[in-house]
Amino acid sequence: MIYYFSGTGNSKWIALEIAKGISDEAVSIPDAIKNNSEPKTIKSGETFGIIFPVYAWDTPKIVKEFISKIKIEDGAFVFAVCTCGGECGNLFKSLAKIIKLNSGYSILMPNNYIVLGGAYSEDEIKSRIANAKEFIAKICASVSSKKSEFVFHKGGFAWIKTALISLMFNKFTSDRKFFAENSCSGCGLCSRLCPVENINLENEMPVWNHKCIQCMACIQHCPKEAIQYGKGTKDKVRYFFRE
């Protein structure tokens, strides 16, 4: 079984592709939590995958909390795939403190953290997705044969980024700068897409309830580009996964 977390679709696409490639099933972590269907034990002989985006050179808090409750029996094969714009830091070392890993991979995908920059060019997006497809095929082959390997780019100053910057990111993550402009149509897409049910509509306008994990699903998917984050996202090109 494969479990994934995804805000703007990169990790979801990869999870579905890998599931197809190894004849398995992919399940959204937020959906599993909502439905109280989280796995309790991964038994010997089973394959268990977790796929998620890199958040500040570490694993998203929601993913860590999800896997920390799972018992892994000896003989189970566990792999992790993270998606990132460049580096993943010491993510796998950090993750291995929570769950036993047999293999791990980082895949370069288009950046979706609009707070620090707009979308890549269409050519760069297409190039990254094409390269990811090739890498996914290799991952599927390795997972199918239960090959133990770690293929990732951690970048420089990895320890500092994962241990310190990630800590600060989680401590100060906030939705207080999100707001909707008057161009908002009240369609409610942001509320429906939020993986942690953090957005309600009041008078047909979104209101954030301070449980945000900064997945950027709301701002990236807004069809009117009405959602902004402070003063830094106005007129920036949005991105969510489209194959």
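E149 has a relative accessibility of 17% and therefore counts as buried, a class that covers residues under 20% relative accessible area, with exposed meaning over 50% and partly exposed in between, for a 1.4 Å probe and protein chains only. The structure is a predicted model, in which local features need pLDDT of at least 70 and side-chain atom pairs count only at pLDDT 80 or more, while totals for chains, interfaces and linings use all residues. Residues are numbered from 1 along each chain as its sequence is written, and side-chain values use heavy atoms, with hydrogens and water left out.

E149 lies in the loop between α5 (122-144) and β8 (150-151), where helices (H or I, at least four residues) and strands (E, at least two) are DSSP runs numbered from the N terminus. Its side chain makes a polar contact with the side chain of S142 at 2.8 Å; such a contact is a pair of N or O atoms within 3.5 Å, of which, within protein, one must be able to donate a hydrogen and the other to accept it, and residues adjacent in sequence count only if both atoms are side-chain atoms. When neighbours within four places in sequence are left aside, E149 is in contact (heavy atoms within 4.5 Å) with N102, S103, G104, Y105 and S142.

Strand β4 (residues 47-53) is largely enclosed by the rest of the structure, because 6 of its 7 residues are buried. Two strands are taken to pair if DSSP finds at least two bridges between them. Strand β1 (residues 2-4) pairs with β4 in the parallel sense over 3 bridges, and Y3 stands opposite I50 in β4. Strand β6 (residues 77-84) also pairs with β4 in the parallel sense, over 7 bridges, with I51 opposite V81 in β6.

An antiparallel arrangement is found for strands β10 (residues 199-202) and β11 (residues 205-208), which are joined by 4 bridges, and the bridge partner of E202 is M205 in β11. In this hairpin, which has 2 residues between the strands, N203 takes a positive phi near 55°.

Among the 26 residues that line the largest pocket, V54, Y55, A56, N111 and Y113 are the closest to its centre. That pocket has a volume of about 590 Å³, a volume being the space filled by probe spheres set on grid points that are joined across faces, edges and corners. On a 1 Å grid over the protein atoms alone, a pocket is an open set of points with protein on both sides within 12 Å along at least five of seven lines, and lining residues have an atom within 4 Å of a point. At least two residues of the lining come from each of α1 (10-21), β6 and α6 (158-172).

Key
1 Å grid on protein atoms, 1.4 Å probe; cavity = no way out; pocket = protein on both sides within 12 Å on 5 of 7 lines; lining within 4 Å.
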